[in-house]
Amino acid sequence: MNHPAIQIRDVHKHFGALHALRGVDLTIEQGEFFALLGPNGAGKSTLINILAGLIAPSAGNIAVMGFDVQQQYQQARQLLGVVPQELVFDPFFNVREMLRFQAGYFGLGRENDPWVDEVLEGLGLADKAHTNMRKLSGGMKRRALIAQALAHKPPVIVLDEPTAGVDVELRQMLWEFIKKLNRDGHTIILTTHYLEEAETLCSRVGMMKQGEIVALDSTANLLNKFAGKHLRLTLGDVHLPQEVQSMVRHVERGVYTFALTDMIQIEYVLSSLRAGGIKVIDMQLNEADLEDVFLSLVGNTAAEHKLASQL
Amino acid sequence: MMNDVKQSTAGNQVSSWRGPWTLLKKELLRFWRVSFQTVAAPVITALLYLLIFSHVLDKHVQVYDGVAYTEFLIPGLIMMSVLQNAFANSSSSLIQSKVMGNIVFVLLTPLTHLQFFLAFLIAAIIRGLVVGLCIYLVAMWFVDLTIASPWMLVAFGLLGSALLGTFGIIAGIWADRFDQMAAFQNFIIMPLSFLSGVFYSIHSLPPFWQKVSHLNPFFYMIDGFRYGFFGKGDVSPALSLLIVAASFLVLALITLKMLKSGYKLRS
């Protein structure tokens, strides 16, 4: 039981000329709630596909609770539940049949039925148990997809963009259920575009960019280290004094967001504005969120261009 | 391969035979749910061939002494349907799962490539034999056929459907789209089965085309199966059995190699 839930060692992946993963090292301990963030094309899904055994790495290896995903794939896959990103389903069967089949592939029989019921209940699928997969709405198909990954009660659960295009109700229901699984000892690994989800749920965050992990720390540390506080000033259409321009993180319709590393900087900004004859119409002080960390690390060229044109 | 006993977090012992058995059960249910299309349709097709060809040719063609043309035709039609449906089962199941994307649910499981192969293979054999048996039972209303050698029927029925089921797995893995699969059906399976001596004895062909027919593995399956009914055929049943068994072994090894390498499925 001392093995990490996931141990990724120097994993590379080439797709022809594209170097999709450039030596990823990552260890996720058992019981963690871990978020893997990164823009499209950063390599998150490639990494998960290698973990799931759907593609082979060009170099390096991954172990699930000590079992190599290639050499000991049977044990590794037994311990792993992966929710695929794409909304796929088998049109021949109803929800309960699919879940029984899925558990059956992992060697589980009727004794697993109470767990299947718990999953159906937890994901709000209980009244759809006898509905054919084809007849489910998009949101219900997404739930069924998640249920299928959980059918064999895997200790390590990977959710690849589970809430993409999902309504608020399901999102809350899903996270309540996943949090409960995490409390019960399941390791959860999540990729998401919704940074606020990662911020509220996950204890640790890894950020990927162009096939590499560029940041890896506890959510709290990342927030402290990179972002500090945010000062949002409504100023209207003004020309900012030179000395505070470098602190501007974001501009939108006359609202300027300044990134502060220290509270003393509030006074500095305000006095510069006063000296420049700029009136403050409104003022807000916010804690930074993962989005700021994300932007400062991964960079958002679109936002940077926009900022440059407005300054 | 199956010697390790795994422990799930549910605390239940995980049985290693239940995985492949579940996949087989799912594959059987898949065609049984649409049996109107997967069993009834090919039976009707075969009976239409029987009706038309026997009506046109029964009085004019005699292939073996003492065997009416309709009697000669039935075993060939049965075997042709067995082969085509065994192929259709594994190939269409795989191409559908690939196009729909739900093959991922099987790829994420601990099932080994051998277990995967066996589940699809056995489902294909059963579909082929079920269709063949239905045609036989219906044809018995019209013609009274005696069976000279039941073990030959069993051997060729099993090996033939296994061979085509395996070929269907290869086609299903290889094809990425439905039209590629249709090409497989129309340009390989149909010509080989129609030119295999279902409707004629190859002894009625010119020598050159007799030689060509000997290169067609379908010919040996049809001829051997027919031997099971009449106790005579165009070639020796032992030779046919050897060729069919060898072909099956070769294709099975190729399929296992493809599955083990993850060709097209895990790439």
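So, how is chain A divided into domains? Domain 1 covers 6-223 and domain 2 covers 225-310, with bounds that come from an automatic or database domain assignment.

Quick housekeeping. What we're looking at is a predicted model, where local features need pLDDT of at least 70 and side-chain atom pairs count only at pLDDT 80 or more, while totals for chains, interfaces and linings use all residues. Residues are numbered from 1 along each chain as its sequence is written, and chains are lettered from A and ligands numbered from 1 in the order in which they are written.

Back to chain A. Taken over C-alpha atoms, the centres of domain 1 and domain 2 of chain A are separated by 37 Å. Their contact takes 15 residues from domain 1 and eleven from domain 2; two residues are in contact if their C-beta atoms, placed from the backbone, lie within 7 Å. On the domain 1 side, the elements giving two or more residues are α7 (195-201), β9 (204-209), β10 (212-218) and α8 (219-226) of chain A. Helices here are DSSP runs of H or I, at least four residues, and strands are runs of E, at least two, numbered from the N terminus. The largest share of that side, four residues, comes from α7(A). By class, the domain 1 side has ten nonpolar, two polar and three charged residues. Nonpolar is Ala, Val, Leu, Ile, Met, Phe, Trp, Tyr, Cys and Pro, charged is Asp, Glu, Lys and Arg, and the others, Gly among them, are polar.

Now, between the chains: 31 residues of chain A are in contact with 31 of chain B. On the chain A side, α2 (73-78) and α3 (95-105) are the elements that give two or more residues. That side splits into 15 nonpolar, eleven polar and five charged.

One helix pair to finish. Helix α2 (residues 35-57) and helix α5 (residues 113-139) of chain B pack at about 45 degrees, axes 9 Å apart. Axes are lines fitted to C-alpha atoms, for helices over the stretch in contact, and angles run from 0 to 180 degrees between N-to-C directions. So α2(B) is oblique to α5(B). Among the contact residues are Val39(B) and Leu47(B) of α2(B) and Arg127(B) and Ile135(B) of α5(B). In that contact, twelve residues are nonpolar, one is polar and one is charged.

Oh, and the cut-offs for oblique: angles under 35 degrees count as roughly parallel, over 145 as roughly antiparallel, 65 to 115 as roughly perpendicular, and the rest as oblique.
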